[in-house]
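Open the model in your viewer and keep the selection tool at hand. We will go from stop to stop, picking a few residues each time.

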Amino acid sequence: MKIVAANRLTDGETVWLGAGDRWVDTIDAAHVARDPEDEARIAAAGNLALAANIVIDVTLVDVEIVEGRILPKRLRERIRAGGPSIHPEIGKQARNAALSAA
Amino acid sequence: MYRYDEFDQAFVKARVAEFTDQVKRRLSGELTEDQFKPLRLMNGVYLQLHAYMLRIAIPYGSLSPRQMRKLAHIARTYDKGYGHFTTRQNLQFHWPKLVDIPRILEELAEVEMHAIQTSGNCIRNVTADHFAGAAADEVADPRPYAEILRQWSSLHPEFSYLPRKFKIAVTGAARDRAAIEVHDIGLHLKKNDRGELGFAVFVGGGLGRTPMVAKKIRDFLPERDLLTYVTAILRVYNLNGRRDNKYKARIKILVHETGTEELKAQVEKEFDELRESELKLPEADIRAIEAYFAPPKLKARPEGDAVVSKAVKANPGFADWLRRNAHTHRNPDYASVTVSLKGIGEVPGDATDVQMDAIADLAEQYGNDEIRVSHEQNLILPHVARADLPALHAALVEIGLATSNAGLITDIIACPGLDYCALANARSIPVAQEISERFASQARQDEIGDLQIKISGCINACGHHHVGHIGILGVEKKGTELYQVTLGGSAREGSTIGEIIGRGFAPDEITDAVETIVDTYLARRENSNESFLDAYRRLGPAPFKEALYGHEAKAA
């Protein structure tokens with residue numbers, strides 16, 4: 001299973017390709033490709049967005065679904081999805097925590 | 001401090017305008033990322049895991065209070081309220097938006113700062129002893145020469161596309177605090193028998209995946225020949241350095257593959273041709289640059305001894321701090337102070353905007369308007385009257401920057417690692433934090449004495465792990481972090497590369513492993529005057545291996 005990760009051109013924020021090929025800023029909303037055909041399709045969509053100067057550093061990320069949530073296999077991508085592990089008060093993890101508290 | 005002249009100011013302003021236009025063209029889609037990437041890197045803009053990163057040059061680690069306040073302002077206005085001081089004596093912001101970077105550079109230019117040559121295959125920020133111009137053991141101030149090298153190397157047309165990046169470090173004291181032997185060129189400023197100034201020249205040092213200690217190719221180079229000789233080295237490197245393989249492109253590989261004697265002969269030949277060229281430094285020019293670095297006029301403060309001894313009796317915390325964080329100044333009424341950015345459990349090298357502003361205030365109040373960044377990721381107030389030390393200490397306690405650990409086991413160098421860096425394989429900072437917490441006790445740290453731990457999150461070695469007395473390298477193995485330990489490294493004069501001690505350790509084992517190493521040292525040292533490094537050099541790795549892995553061998 002794979003998702004597409006990238007950084008938004010204007011501010012560098014980590015984003016993922018979501019439903020309808022829209023870029024979303026939380027990994028939970030990423031579109032998961034479950035077969036090679038869909039993987040190829042999302043990779044192509046990522047490259048189109050790169051060419052259109054919407055995002056940079058487009059990468060395909062291996063993920064699994066754990067307790068219903070998307071979890072990247074590599075620690076690197078897990079940290080990218082949350083924020084620096086040493087600063088729970090900043091980055092996406094802080095925003096997500098604030099959202100779930102609300 | 002050096003002050004920009006009209007030319008410097010115009011040059012930096014022109015560069016800001018140029019990059020502002022490049023960012024505009026990137027955002028409009030006129031430039032592709034492939035086209036833009038080398039341009040942004042030339043201006044210190046990287047892409048990391050969570051955001052862009054902006055690396056700002058702090059020439060030879062020298063900052064004025066005004067510049068520090070500007071950095072605080074940028075942290076507060078455009079970033080997340082903090083900055084990260086690096087082993088290159090620079091500052092990195094980890095969250096700037098690309099759209100804001102032109103404005104940030106404009107603000108930096110207002111205080112004579114920029115981000116030029118903080119990336120790319122060019123001559124990078126020239127680094128120097130952080131006690132330069134203040135240390136009692138210094139022969140002469142290395143900063144004028146670092147400044148001459150900065151001016152010469154800025155946008156140098158011949159050396160803007162080298163095979164790989166190029167780092168120069170300068171020290172003016174026999175005690176090397178600038179790690180010159182692990183730089184591409186290391187310069188040791190000294191005097192000859194006739195009392196003339198010149199340099200011992202080291203070449204081909206470096207860390208990264210192939211760590212090497214530099215070779216001395218000149219014992220005494222007259223100061224007037226600084227630029228001709230450095231140009232000769234760069235020319236030999238630019239011509240012969242490998243461009244076919246990024247991992248073999250640094251000058252250390254060229255020195256290694258060519259052989260020191262042959263390389264030296266090539267450099268000397270080139271030097272002979274350049275010797276009388278326009279690069280030969282006129283005496284008047286050297287002295288003119290030197291004048292910018294004239295020592296501050298320090299008032300006599302003979303009451304220092306009495307004030308300090310009274311404070312030592314009254315406040316044990318001050319006594320600890322004085323012992324570790326005050327360095328001998330050439331004026332006996334003064335001291336150079338290390339402001340530790342290594343609070344127990346804190347992120348090494350990070351400072352908040354509030355702390356940066358406070359340091360700027362303290363530098364004005366007590367420090368004769370000077371601040372330095374050390375390659376050990378601390379801040380330095382180089383000229384503080386000893387009589388003001390108790391008041392300065394009290395003020396540092398207020399802002400959480402009075403940790404008494406300079407040179408101790410919790411004064412850890414750590415790269416940003418996988419928490420930020422796109423190149424990293426493992427985290428560095430949490431390892432540093434856990435070790436710091438484990439050894440938090442001041443008494444225990446003092447008992448252990450001088451011990452440098454340096455941690456890198458990948459083989460590129462930004463955390464200088466190869467030259468840590470205890471070095472820790474994070475790698476990724478089967479999708480998890482693993483920490484490899486090296487022992488016996490040193491970046492001081494007579495640098496050594498640490499030796500890998502054995503198999504690596506999991507994240508939950510690494511602090512215990514460090515503790516085992518430290519306990520082995522304490523048990524085996526001859527007396528409390530024998531430092532960890534001295535003991536390791538005497539004992540070799542065997543007792544440490546036995547302590548770390550002996551039980552495994554027995555079990556097998």
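How many residues of chain B are in contact with chain A, and how many of chain A with chain B? Colour the two chains and look where they touch: 31 residues of chain B meet 23 residues of chain A. Keep in mind that this is a predicted model.

**Stop 1: the interface**

Show the surface of both chains. About 2,200 Å² is buried between chain B and chain A. Carbon and sulfur atoms give 60% of that area. Now select B:Leu47, B:Leu49 and B:His50. In chain B, these three lose the most area to chain A. Together they make up 23% of what that side buries.

**Stop 2: charges and polar pairs**

Which residues form the salt bridge between A:Arg74 and its partner in chain B? Select A:Arg74 and B:Glu476. Their closest N and O atoms are 2.8 Å apart.

Next, pick two helices of chain B: α1 (6-27) and α14 (429-438). Each supplies at least two residues of the side that touches chain A. The largest share, 3 residues, comes from α14(B). Colour that whole side of chain B by class.

**Stop 3: two helices in chain B**

Show the side chains between them. From α1(B), select B:Gln9, B:Val12, B:Val16, B:Phe19, B:Thr20 and B:Val23. They meet B:Ile101, B:Pro102, B:Leu105, B:Glu106 and B:Ala109 in α4(B). By class, this contact has 8 nonpolar, 2 polar and 1 charged residues.

**Stop 4: a link within chain A**

Over all chains, a search of the whole structure finds 65 salt bridges. For one of chain A, select A:Lys92 and A:Glu13. Their closest N and O atoms are 2.6 Å apart. A:Lys92 lies in helix α3 (residues 92-101) of chain A, and A:Glu13 in the loop between β1 (2-8) and β2 (14-17), so the pair ties together parts that are 79 residues apart in sequence.

Technical notes:
Residues numbered from 1 in each chain as written. Chains lettered and ligands numbered in written order. Predicted model: local features only at pLDDT ≥ 70, side-chain atom pairs only at ≥ 80, totals over all residues. Heavy atoms only, no water. Contact = heavy atoms within 4.5 Å. Buried area = accessible area lost by both parts, 1.4 Å probe. Salt bridge = Lys/Arg side-chain N within 4 Å of Asp/Glu carboxyl O. Helix = DSSP H or I, 4+ residues; strand = E, 2+ residues; numbered from the N terminus. Nonpolar A, V, L, I, M, F, W, Y, C, P; charged D, E, K, R; others polar.
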